[in-house]
Amino acid sequence: QRFADRAEKRLDALIGRSRILVISSHADSLIRQFCDKVALMQEGRIIAIGPAPEILDQYHATADKAGT
């Protein structure tokens, strides 16, 4: 079994038994799959909190403006 598959299975198990789980990632697919609410941070400060699709759109718009 691939490492990514094992990691995803473990993450599913953690989410199943947790009320809150903090995940730090730039992986859209992981965020969309596992996160209901997302915080966008910039320079160590939270600049937005909301539903994953909305905040990911904001993240990409911010990254595009910054040229990253």
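Q: What share of the protein chain's residues counts as buried?
A: Of 68 residues, 18% are buried. Buried means under 20% relative accessible area, with a 1.4 Å probe and protein chains only. This is a predicted model: local features need pLDDT of at least 70, side-chain atom pairs need 80 or more, and totals for chains, interfaces and linings use all residues. Residues are numbered from 1 along each chain, and side-chain values use heavy atoms, without hydrogens and water.

Q: Which elements does the chain have, and how do they run?
A: The order from the N terminus is α-α-β-β-α. That makes three helices and two strands. These are DSSP runs: helices are H or I with at least four residues, strands E with at least two.

Q: What does the C-alpha trace span?
A: About 40 × 25 × 20 Å along the principal axes.

Q: New topic. What volume does the largest pocket have?
A: About 1000 Å³. A pocket is an open set of points on a 1 Å grid where a 1.4 Å probe fits, with protein on both sides within 12 Å along at least five of seven lines. The volume is the space filled by probe spheres set on the points.

Q: Which residues are closest to its centre?
A: Ile23, Ile31, Val38, Ala39 and Leu40, out of 31 lining residues. Lining residues have an atom within 4 Å of a point.

Q: And which elements supply at least two lining residues each?
A: α2 (28-34), β1 (37-42), β2 (45-51) and α3 (52-66).

Technical notes:
Buried means under 20% relative accessible area, exposed over 50%, partly exposed in between (1.4 Å probe, protein chains only).
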